[in-house]
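Welcome! Please open the structure in your viewer and get ready to select things one at a time.

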Amino acid sequence: MALPKYASPLEKAWHYAYLVICAAIFFFLIVPIVVVIPLSFNAEPYFTFTSKMLSFDPSGYSMRWYDSLLTFGMQQPDAPRGLSWWADVWHNAKWVQATKSSIIIGFFSTVVATVLGTLAALGLSRPEMPYRRIIMAMLISPMIVPIIITATGMFFFYSNPCEPLTWIGLNPSCGKLAGTYLGVILAHATLGIPFVIITVTATLIGFDQSLARAAASLGANPRTTFFRIIMPLILPGVISGALFAFVTSFDEVVAVLFIAGPDQQTIPRQMWNGIREQISPAILAVATLLVIFSIALLTTVEMLRRRSERLRGITPH
Amino acid sequence: MKTMLILTTALCGLAVSAQAQNKEVNVVSWGGAYEKSQVEAYNIPFTAKTGIKVNMMAADNPATPLKAQVEAKNITGDVFDIEVSDAIRMCDEGALVQIDPATLPAAPDGTPAKDDFIPGALQDCAVANIFWGTVIAFDKTKFADNPPKTAADFFDTAKFPGKRGLPKNPKRTLYLALIADGVAPDQIYETLSTPEGVDRAFKKLDTIKKDVVWWEAGAQPVQLLADGEVTMATGYNGRFFDAMVAEGKPFEIIWDGQYMDMDMFAIPKGSPNPEAAMEYLKFATDTQQLANQAKWIAYGPSRKSSAALVGKYQDGKTDMGPHMPTNAEHMTTAVMDDPEFWADHSAELSERFNSWLAAG
Amino acid sequence: MANALDPHAAIVIEAGGLDQGGTLKTADGQPLTRALARSSRRARRRAFLLVLPLLLFILITFVVPIGQMLQRSVKNDGFSANMPQLSAWFHDHPRGTEPDDAAWAALAADLTASAEARNIGVVGTRINYDMPGTRSLFTAAGRKARGGIAPPYRDAILAMDKKWGDPKLWAVMREAASPYTANFYLAAIDRSRDETGKIVQAPPEQRVYLMLFMRTFWLSLVITCTTFLLGFPIAHLLATLPMRKSNLLMILVLLPFWTSLLVRTTAWMVLLQQQGVVNDVLVWLGIISDSGRLQMIYNQTGTIIAMTHILLPFMILPLYSVMRTINPSYVRAARSLGASSWTAFRRIYFPQTLPGLGAGALLVFILAVGYYITPALVGGSSGQLISNMIAMHMTQTLNWSMAAALAALLLGGVLLLYWVYDRLVGIDNLKLG
């Protein structure tokens, strides 16, 4: 990015102006994420920096909004903080319940998406795969189709999963998936699958098929070949795909709004309520925790990507 | 692989434990300060007495998810807190469980429930818990020397500058436009029944359309006023009360042209926990519970026997009487809800309203 | 070419040889072409079997539900299922027949039965979709018909309300007598049918959908442009910096990408509201007065700012990966041949970034067209997009057929763009960080 020696003064000026513009854009990108963090420690129920906060007066800051994440929804929030208080938190606090739901749904939908998605990616990256283009397009489409359309479709289907069977003349009766953990897990798995496919097929692009052949010629059966040769090589891609799928589920609110029942109130659902109801700094406390969570995820993914590039012999230029 | 297995087992355990408490009832209400009053007055004593866990869900207007759940035959809520017009309409459509007034608890002095409830508070399929008003509130700091006093002032942005907060539905906007345009409170429905009357209301709304911030959830107008996003807003009187008394916000309520309605508990047919739902409904509409709710929010109880028990706000010093929508002084220019009118016309007027809104 | 590389094929070629006739044979004496074909069939099948579980999964949890939802856009049996006798009469009598005594008798019988069965509201709602203002006609008639309607039916029903004689009403009922209708699609493009069945424009106060489609298209275009304007310099900087520095700066792009959508939207609410951080800073700097705070949220501005921020990484990443591959010596060559830096950029560098630009712009546009959450939270009424209208019909007015028709049109548009994307960019080239 260094300026060539023959640059004219005008070009130099433009070059520095350009750097300033870039800095401003980076500022635009990052400032919304950074600004919520100090505000979540606001001692006042406001969204703006109070004068006390700006003068770094400790009394302008507090942990009260983090505390409210535990106490909100509790039966006896004012009881002494012993074992029974924590039991109350564990069973009744709304944000804790939401976290439990989010983790359960996120974990199982990730498992479903990763297993199915990895298998499919292996098939899709074989050169023999028939109708590759159209199938790939279909499997990626949950990422492209507007979420409101997906969610409304799921709303009808999950309320009565047997209805499509009536089109072919059958008339069975079956339970419903809406309002169950299974329903939300399946929905989120569907939404996470494109990410797994994209990341795993990207890893497989550099994959040397002759390695698998070499293993086979040395007497390994397909299972051994898969677990000993293919899996270690594509693992970074699988894990980052899984993380993408998990984040998709962890951040998803529209499908939850349409198909979840009272037991599946996830963190985003709770946030949606909070934002529309009353944007107190408690929402910012949640936001701060989520930002920390995404920093951790991003670090993991970056490390995996580099490891993968190293393993596949792609050196950074 | 092993850690994966352990994780899976642990999560399965979590999933099971999350569903283990099977005695529960799902109540869908309006969120915010109103939800808090119900949690304090109904839910906590109910769980203490029966051991049944109450899951409170918030909706902008619980009738909306109720209708959607009934239509999709996928009912997840047990008790819904809805307006009278919705209760009548859904009862007419056969979606709600009939409630026999004889099974409701009698007043402490032995008056049977059907005589103890205020007329209209008992419907075939629903039991009222509160009377509440939709009122105008303004930020006192913005109009220090010349505060607005009437519904017409709400529409006068020249004299009272600033944005306005209005609910995103026809029921609580059209009447206000007509009142501000000089229609008498008892002529509202007659006017709204004619196309010219509807046009007149929309024309009045047009005059402030560009200055309106629309809200959907009951807590939003309070928030908009507190944030200085608007200078005047209409909202539910209990929410403004909560902001003024509990949080000390500098708001004032204009009672002129308040819109008075009842909220009712109803149970849809096919709800997941019908027995617990009925138990909750009976418990919550008991004399003492209704009176307790008024300790937390300024809404009038629907039982005559409760009214006598209403005294002070939970802080122990604020008299509730002057804050109640049912206070005689506040009733002079009040528009009473007409459930039949809305049961018939809400679909049409909503459509017109939404088109009007989307168009700009 | 692919088949020749197949391991099985490779083995048979070695094991086989030329037979006397000159055709290639495998070791067990089969013609080589057939063996090759079989082996490639087997490989194809194996690849397909790997994909099959997911394909079925997506079919069941995604394609079928959307198909089932779209079916509602042409099917609504709210009237035909609950008014069977009148529907049968319409079926037997062609368009243009004046309602006779049998028709009025059928109407009376159906109204009574429907009122008893408590589904008259459903019937009224269905008719109300095509003729606003008629739901109350049915519910009121239902209440009066509970005890039964006495003949002569025509006079009895007209005595309830004169509107029952309106030929438009009968035309609409005739339409609704068939469960299948294209009227919801007509309504979705602001059209309706008059008494004679001719397609006419809807009255002005009901024309909203075309305007909303236009607004969605226009706002998506604006957002695509703003993401380009902001994304291009950033991508260029990242692509030309040394790897170590650019990796560090890349985190600033990827962090928003990994951060919860709701967190980012909330953050913009905090920043943009009237008492928010941006207004506070502007007042503090003296750029605006305290009473002249800017309205930047709950309108189109809010939608554009927040969505630009949210979609920016989708523009930067494809641009960056294309710019990385551009050889800087081309630009240097142009400069050495006397081009000014602007000319070199315009004629040499920029054309080479077009594949990345196309990929990014298409992706951003596709995602923007279907956006729901952000406009719902920060858009006010002027920043609502077509997705929000679909959500409103789904959850509030419960006009699910209308929601489905709007969804079908939106889906058609998105799929078209997706097809273009696949043609121009290729789905394989979709990258995530």
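Predicted model: local features only at pLDDT ≥ 70, side-chain atom pairs only at ≥ 80, totals over all residues.

**Stop 1**

Select residues 16–41 of chain A. Here the chain is 92% helix and 0% strand, with end C-alpha atoms 37 Å apart. Now select residues 226–247 of chain A, where you will find 100% helix and 0% strand, and 27 Å between the end C-alpha atoms.

**Stop 1: where chain C touches chain A**

Show chains A and C together. How many residues does the contact take from each chain? It takes 82 residues from chain A and 76 residues from chain C. Staying on the chain C side, colour helix α2 (residues 32–71) of chain C: with 19 residues, this helix supplies the largest share of the side that touches chain A. If you colour by class, that side of chain C shows 56 nonpolar, 14 polar and six charged residues.

**Stop 2: the annotated spans of chain C**

The UniProt record (unreviewed entry) gives "transmembrane region" for residues 47–67, 217–241, 248–271, 304–322, 356–378 and 398–421 of chain C.

- Residues 217–241 of chain C are 96% helix and 0% strand, and their end C-alpha atoms lie 36 Å apart.
- Residues 304–322 of chain C are 100% helix and 0% strand, with 26 Å between the end C-alpha atoms.

Then widen the selection to residues 213–421 of chain C, which UniProt annotates as "domain: ABC transmembrane type-1" in an unreviewed entry. That span is 78% helix and 0% strand, and its end C-alpha atoms lie 21 Å apart.

**Stop 3: where chain C touches chain B**

Bring in chain B. This contact takes 30 residues from chain C and 28 residues from chain B. On the chain C side, select α5 (120–130), α6 (135–145), α10 (209–240) and α18 (386–395) of chain C, the elements that give two or more residues to it. Which of them gives the most? It is α6(C), with four residues. By class, this side of chain C has nine nonpolar, 18 polar and three charged residues.

**Stop 4**

**Stop 5: one helix up close**

Finish by zooming in on helix α9 (residues 195–206) of chain B. The twelve residues of this helix reach 16 Å from first C-alpha to last, close to the 16 Å expected at 1.5 Å a residue. Which residues of α9(B) are buried? They are Val198(B), Ala201(B), Lys204(B) and Leu205(B). Look down the axis of α9(B): its buried residues fall within an arc of 125°, so they line one face of the helix. Those buried residues pack against α7 (174–180), α8 (188–192) and α16 (339–358) of chain B. Turn to the other side of α9(B) to see the exposed residues Pro195(B), Glu196(B), Asp199(B), Lys203(B) and Asp206(B).

How values were computed. Residues numbered from 1 in each chain as written. Chains lettered and ligands numbered in written order. Contact = placed C-beta atoms within 7 Å. Nonpolar A, V, L, I, M, F, W, Y, C, P; charged D, E, K, R; others polar. Expected span 1.5 Å × (residues − 1). Buried ≥ 20, exposed ≤ 12 C-beta atoms within 10 Å, placed from the backbone. Arc of directions from axis to C-beta. UniProt positions renumbered as here; feature names shortened; annotations may be inferred.
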